[in-house]
Amino acid sequence: MQPGDLNEVITFERLTTAGNGGGGQVETWTAIVPVSWAKVTPKSGSEQVRAMQVGTAQMYDIGLYTRRDITEADRITRSSGDVLRIRSLAAETNSAFMTILAEKITP
């Protein structure tokens with residue numbers, strides 16, 4: 001991968017918990033700054049059966065400069081508005097880049 005391949009801005013988000021003022025708590029996805037430039041490449045789609053319902057899973061390879069502040073519990077929001085669940089993080093050997101495998105979350 002080359003720096004010029006990074007052609008899309010993505011935002012990492014982390015689930016945070018805050019008080020709701022009434023004694024309860026509210027979970028919210030909060031952006032982790034800074035945003036990142038990435039190369040987002042769709043992998044082949046697959047059809048899966050979940051809870052007796054048929055659905056599709058679109059997977060993506062996301063290449064970007066290595067970040068050490070993200071985990072598999074975080075998620076990604078693309079500039080298109082798509083939300084992706086991180087499935088795995090892998091640093092490339094002898095490189096400044098990493099690859100993330102992510103799945104599109106369909107509401």
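By the ring-pairing rule used here, the count comes to one aromatic pair; rings of Phe, Tyr and Trp (its six-membered ring) pair if their centres lie within 6.5 Å, and planes under 30 degrees apart count as stacked, over 60 as edge-to-face and the rest as tilted. The partners are Tyr-65 and Phe-97, and the pair is stacked, with 4.8 Å from centre to centre and 25 degrees between the planes. Tyr-65 sits in strand 5 and Phe-97 in strand 8, so this pair links distant parts of the chain, 32 residues apart; strands here are DSSP runs of E with at least two residues, numbered from the N terminus. Tyr-65 is partly exposed, at 41% relative accessible area, while Phe-97 is buried, at 7%. For these labels, buried means under 20% relative accessible area, exposed over 50%, and partly exposed in between (1.4 Å probe, protein chains only).

A word on where the values come from: this is a predicted model, in which local features need pLDDT of at least 70 and side-chain atom pairs count only at pLDDT 80 or more, while totals for chains, interfaces and linings use all residues. Residues are numbered from 1 along each chain as its sequence is written, and side-chain values use heavy atoms, with hydrogens and water left out.

On to the charged side chains. Side chains of opposite charge can pair when their charged atoms come close. The structure holds nine salt bridges, each one a side-chain nitrogen of Lys or Arg within 4 Å of a carboxyl oxygen of Asp or Glu. One of them joins Arg-14 to Asp-74, at 2.8 Å from N to O. This pair, too, links distant parts of the chain: Arg-14 belongs to strand 1 (residues 8-19), and Asp-74 lies in the loop between strand 5 (59-65) and strand 6 (75-78), 60 residues apart.

Another salt bridge brings together Asp-69 and Arg-67, at 2.7 Å from N to O. Here Asp-69 is partly exposed, at 31% relative accessible area, and Arg-67 is buried, at 11%.

Then there is Arg-87, whose salt bridge with Glu-103 has its closest N and O atoms 2.4 Å apart. Arg-87 in strand 7 (residues 83-91) and Glu-103 in strand 8 (residues 97-104) are 16 residues apart, again linking distant parts of the chain. Arg-87 is partly exposed, at 39%, but Glu-103 is buried, at 4%.

Key. Helix = DSSP H or I, 4+ residues; strand = E, 2+ residues; numbered from the N terminus.
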